[in-house]
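Biologist: I have a protein model open and I'd like to learn how to read it. Could you walk me through a few features?

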Amino acid sequence: MPRNPFEWTANPAQPAGVSEVTIARAGAPVPRPRRSAARVLVAAVAAFATATAGAEVALRLFVGEPHRYADDPERGRIPLPGSAHWQGAEGRATAHYDALGLHDPGVRATKPAGERRVLVLGDSLTEALEVGDDDNFCRLLERRLAGAKVVNAGRMAYLAGEMVHTAEVLQPGVRADAAVLVVRPSTFGDDGDPRVALPGYWAARYDFSPDGEGRLVRLDGAGATLKRFPRLAALKQRSAVVDLGVGEAARRLLVTAPTPPPDLALYRRRVDFALRRLARLYGGRVALVLLPHERLIAGDSDGSDDREAVLRAAAAAAGVPFLSMREPFRAIYRDERRLPFGFDNVSPPDVGHLNVRGHRAVADALAPIVGRLLP
Amino acid sequence: MTFSSLPFALFLAVLLAAMAIARDPRARKLLLLAGGVFFYGFWNWRFLLLIGFTSVFDFALGLAIHRARGRRRKALLAVDIVVNLGLLCVFKYLNFLIGSVAGAAALLGWHPHVRTLAIVLPIGISFFVFEAMSYCIDIYRGRIAPYRNWLHFALFIFFFPRMVAGPIIRAADFLPQVRDRDIHFTVDNARRAACLFLLGLVKKVVVADRLALLVDPVFAHPSAFDSATVWAAVIGYALQIFCDFSGYTDMAIGVARLFGFELPLNFRLPYLATDLTDFWRRWHISLSSWLRDYLYVSLGGNRKGAARTYLNLLVTMLLGGLWHGASWNFVVWGGLHGVGLAAHKLVARRGGGGPLRDALGWATTMLYVCACWVFFRATSFTKAWVMLSKMAFVDAGGVRWIYRPFWPLLGAAVIWHLLRRDGEHFELPLTSYRGFLLLFASAWLVFFAAPVEAQPFIYFQF
C-alpha cells in the first residue's frame with residue numbers, strides 16, 4: 001500500500017506498508033523460560049488463596065459482613081440475637097439486633113407501667129438495614145409518640161404469611177397493644193415468589209393458596225437446606241466470599257422467575273384473613289400501611305393501583321385505618337426534588353429501599369394514626 | 001450469543017473439541033466455517049441467506065473485476081458497491097429514509113400517508129458489508145489478488161469472533177492467514193487468548209455494565225437530575241462505550257487468537273488523545289482507517305485544496321456517523337466530529353507545541369468528545385439539549401445522585417490509561433504467582449461486580 005498522503009488518521013507509530021496486524025504480531029511476547037509443573041501449581045494455589053483473601057477483605061469493607069443467623073423453631077432463620085451486621089451493598093449502616101433477632105433496641109421483659117407498645121410488622125423496608133439504627137421509621141415514630149415503645153419486627157423477604165405468624169409468635173413476649181402491618185403491593189400476592197420455595201428460610205408460615213384462607217404450614221425445619229451442608233452453613237456465617245457467593249448464585253438463578261398476575265379476589269381474601277387474624281390478636285388496634293414502589297423519576301406507576309384499592313376496601317371493611325404513602329412520596333419528589341427510595345450505590349436511584357428521607361416521611365404520616373390507635 | 005454468555009462458552013468448547021479431533025487441515029477450516037454459520041444462525045438463521053449471498057457475490061465479483069479490463073472493470077466495481085450499499089440501505093436505512101422524507105414533507109405542509117416496513121436489522125451487517133466491499137475495492141485498485149478458493153473467502157466473511165461487532169478486517173490482512181497456514185491449537189495462543197478474553201470481560205462486565213447503571217437512568221430522564229449528576233453520567237458514558245466496545249474487541253481478538261488468527265488493534269487508549277485527529281487515530285481504528293482509505297481518499301482527500309479537504313472531512317464523518325445507525329443523532333455526532341477535525345486541521349497549521357499546549361489540547365479534546373457523546377447516546381435531540389444545558393449549568397437543579405462506584409471506576413480507568421501509555425500488549429504470565437494472582441483477582445471481580453442483568457454490547461446495534 002503506498003504511503004498515505006492524507007495525514008488525517010495516519011498513525012505515526014505505523015510505518016508505511018505495515019498493517020495493524022503486523023504491529024500486533026510484532027508485539028507478540030518472547031517465549032518465557034519453562035517452569036516445572038509443581039512450581040506452577042504452587043504459584044497458582046498461592047495466588048488463588050491471596051486473591052480470595054483479598055476478595056474477602058474487599059467485600060467486608062465495601063459490601064458488608066456475612067449474615068450471622070440462628071435457627072428459630074418457629075420463625076426459621078433469624079438474625080443471630082444480640083449480633084450486629086454491617087452492610088454497604090445498599091446504603092452504609094450497621095444494624096444491631098436485639099435478643100429476639102429483631103432490628104430493634106429490644107423490649108424489656110417486664111412491661112413498665114404506662115408503657116404502650118406497638119409491633120410493626122413488615123419486610124426489608126421495615127427492617128431497614130440500609131439506614132442507621134436510629135433513622136428507621138420505627139425509631140422516628142417512637143420519638144413522635146411520647147411514652148410508646150415501637151418494636152420493629154420487620155424481616156427481609158417476609159410476605160403476609162410470615163408477618164402474621166411472626167405476630168402470633170412474638171405477642172406473648174412483646175405484649176404489644178397495637179400492630180401496624182406495613183406492606184408492599186406484592187406482600188399479599190407473591191406465593192409464586194421464588195423465595196418462598198427456599199426451604200430453610202421459614203420454619204412456619206401461613207399458606208394462602210389456593211383459596212386465600214391462611215393455613216399454618218410447617219416447612220421442613222429451619223435452615224433445612226444448609227443443615228444438610230453443615231460445613232457450608234458454617235462457612236457462610238464466617239466468610240463474605242461464601243455468603244455472597246452462594247447468595248449471588250441463588251439470586252442469579254431465581255431472579256428471572258416470572259411473577260403471576262394478581263387475582264384480585266384471591267388477593268382480597270388474603271388481606272381479609274391477615275387483618276382478621278391481627279385484629280383478634282390486638283383487640284382491633286391494627287393499622288395497615290402501603291409502601292408503593294413506583295418509579296418517581298420515570299413517572300411510572302408501579303401498576304398497583306388496583307391492589308391499593310383492594311387494600312383500602314379491606315381495611316375499611318375491617319375498621320382498620322389505612323395509610324398509602326403513594327401521595328406523600330410523590331410530594332417529596334415534586335416539592336423537594338429528593339427521593340424517598342434509593343441510595344447512591346444502587347441503581348436506578350428511585351428504586352431500592354427507603355432512604356432516610358423516606359423513613360422520615362413514613363414516620364410523619366404514621367404518627368397521628370398510631371397515636372389514635374393506642375389506648 | 002454474546003461472548004460473556006454461557007451458550008458461547010459451550011459453543012466454543014464444542015468447536016475446539018471438534019477441531020482437535022479433526023486431522024485434516026481442510027476439515028478444520030470447514031469446521032471453523034460451520035462454527036461461523038452456527039454462530040450467526042444462532043441469532044437468526046434466516047439472515048444466513050443474506051450473509052451467505054455476500055460471501056458468494058463478492059467472491060465472484062472479485063474474480064470478475066480481476067479479469068476485466070477498462071470500463072468493464074469500473075462497471076463491475078460499481079455493481080459491487082451498489083449491491084453492497086443497497087443491502088445496507090434496505091436493511092438499515094430504508095425506514096430512516098422514509099421517515100425523514102415524510103418529516104421533511106410535513107415541514108412543507110404536506111402530510112403524505114407513509115408506512116414504514118417491519119425490517120429486522122441483521123446483526124453485524126455494517127461490518128461484513130464493509131469488509132466484503134473493501135475486498136473488491138482492493139482488487140480493483142490492484143492491492144490484492146482475488147482468492148480462488150471460496151472456502152477461504154467464506155471464512156473471511158463468516159469468521160465468527162469479529163462477525164457482529166468488528167473489528168473490521170481487511171482481506172489483505174486476514175486471507176493470507178487462512179491460505180498460508182493450518183489452523184491449530186497451541187498452548188501459547190490459548191494463554192494469550194485467555195489473557196485478552198479476561199481483560200475484555202473485566203472491561204465489559206465490571207466497568208461498562210456497572211457504569212450503565214449510572215448512565216441509563218440519567219440519559220433517560222436528564223431533566224430530573226442536577227448538573228453534577230449529568231456530568232458524571234456523560235463522563236461515565238465516555239468510559240462505558242470505550243470499555244464496552246474495546247472489551248468486546250479484546251474478547252474478539254482473544255477468541256481469534258485461540259484459533260491462531262491475528263486481528264487488528266481497534267483502540268489505542270483514545271482518551272489520551274491531545275487533539276481530535278489524534279483521537280481518531282486511537283478510536284475504532286479499523287473503522288476510521290476504512291473510512292480514510294475507502295471514502296476520504298476516494299473523495300480526493302487533501303489533494304484538492306484546503307476548502308475541499310475540510311468538506312471531505314465533513315462528508316466522511318457525516319457518513320461515518322450514519323454508519324453507526326439510522327438516526328439523525330448519529331449524523332449530528334459524525335458532523336460534529338467532522339467540524340472538529342476540520343477546525344483542528346486549521347489550527348494545527350499554525351504550528352507550535354509543548355506540554356502546556358498538549359494539556360490544553362487534551363482538555364479541549366475530552367470536553368468536545370464528551371459533548372459529542374451526548375448526541376450519540378441521547379434518544380432525542382430534546383434530551384440531548386437538556387443534557388448540554390445541565391452540563392453548562394443552565395437549569396442546574398434536580399436530584400443529586402452520583403452512583404458511588406463511578407469514582408473507583410473512573411480512578412481505575414485513569415490509572416489504566418496512565419500505566420499503559422506505551423501501548424504495549426497486555427499479557428498475564430500464567431506460570432508465575434503474579435500472573436495467577438491477576439487472573440484470580442479478575443475472576444472474583446467479574447463474579448461479584450457484575451450487575452445481575454447483563455447489558456448487551458453497545459456496538460451490536462450497528
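Modeller: Let's go from the whole of one chain down to single residues. Keep in mind that this is a predicted model.

Biologist: Okay, how many helices and strands does chain A have?

Modeller: Chain A has 12 helices and 11 strands. Of its 375 residues, 49% count as buried. The accessible surface of chain A comes to about 16,500 Å², and carbon and sulfur atoms own 59% of that.

Biologist: And what share of the contacts in chain A join residues at least 24 apart?

Modeller: Take the contacts between residues at least 6 apart in sequence: 69% of them join residues at least 24 apart.

Biologist: Now a helix. How do I read α11(B), and what should its 15 residues span?

Modeller: Start with the general idea: an α-helix has 3.6 residues a turn, so residues three or four places apart point the same way. Now the case here. At 1.5 Å a residue, α11(B), residues 285-299, should span 21 Å, and its end C-alpha atoms are 20 Å apart, which agrees.

Biologist: Where is the kink in α11(B) centred?

Modeller: On Arg292(B), with a bend of about 35°.

Biologist: Is α11(B) enclosed or open?

Modeller: Count its buried residues: 13 of the 15 are buried, so α11(B) is largely enclosed by the rest of the structure.

Biologist: Next, rings. How many aromatic pairs are there over all chains?

Modeller: A search of the whole structure finds 58. To read one, check the distance between ring centres and the angle between planes; over 60 degrees counts as edge-to-face. Phe48(A) and Phe440(B) have centres 5.2 Å apart and planes at 85°, so they are edge-to-face. This pair crosses between chains, from helix α2 of chain A to helix α17 of chain B.

Biologist: Are Phe48(A) and Phe440(B) buried or partly exposed?

Modeller: Phe48(A) counts as partly exposed at 40% relative accessibility, and Phe440(B) is partly exposed at 21%. Now try Phe267(B) and Trp283(B): this edge-to-face pair is 5.0 Å centre to centre, with 85° between the planes. The two are 16 residues apart, with Phe267(B) in the loop between α9 and α10 of chain B and Trp283(B) in the loop between α10 and α11. Phe267(B) is buried, with a relative accessible area of 13%, and Trp283(B) is buried at 0%.

Biologist: What about phi in residues that aren't glycine?

Modeller: Most residues other than glycine have a negative phi. Ala157(A) is not a glycine, yet its phi is positive, about 70°. You'll find Ala157(A) in the loop between β6 and α5 of chain A, and it is buried, with a relative accessible area of 17%. Arg175(A) has a positive phi too, about 50°. Its place is the loop between α5 and β7 of chain A, where Arg175(A) counts as partly exposed at 32% relative accessibility.

Biologist: Last one: how do I describe a residue's surroundings? Which residues does Arg307(A) contact?

Modeller: Set aside the neighbours within four places in sequence, and look at what remains. For Arg307(A), that includes Pro185(A), Tyr267(A) and Asp302(A). Arg307(A) lies in helix α10 of chain A and counts as buried, at 15% relative accessibility.

Biologist: And what does Ser301(A) touch?

Modeller: Beyond residues up to four places away in sequence, Ser301(A) touches Glu294(A) and Arg326(A). Ser301(A) sits in the loop between β10 and α10 of chain A and counts as partly exposed at 39%. A polar atom of its side chain lies 3.0 Å from the backbone nitrogen of Gly303(A).

How values were computed:
Residues are numbered from 1 along each chain as its sequence is written. Chains are lettered from A and ligands numbered from 1 in the order in which they are written. This is a predicted model: local features need pLDDT of at least 70, side-chain atom pairs count only at pLDDT 80 or more; totals for chains, interfaces and linings use all residues. Side-chain values use heavy atoms; hydrogens and water are left out. Helices (H or I, at least four residues) and strands (E, at least two) are DSSP runs, numbered from the N terminus. Buried means under 20% relative accessible area, exposed over 50%, partly exposed in between (1.4 Å probe, protein chains only). Contact means heavy atoms within 4.5 Å. Accessible areas come from the Shrake-Rupley method with a 1.4 Å probe; for residues, only the protein chains shown count as cover. A polar contact is a pair of N or O atoms within 3.5 Å; within protein, one must be able to donate a hydrogen and the other to accept it, and residues adjacent in sequence count only if both atoms are side-chain atoms. The expected span of a helix is 1.5 Å times one less than its number of residues. The bend at a residue is the angle between axes fitted to the seven residues ending there and the seven starting there. Rings of Phe, Tyr and Trp (its six-membered ring) pair if their centres lie within 6.5 Å; planes under 30 degrees apart count as stacked, over 60 as edge-to-face and the rest as tilted.
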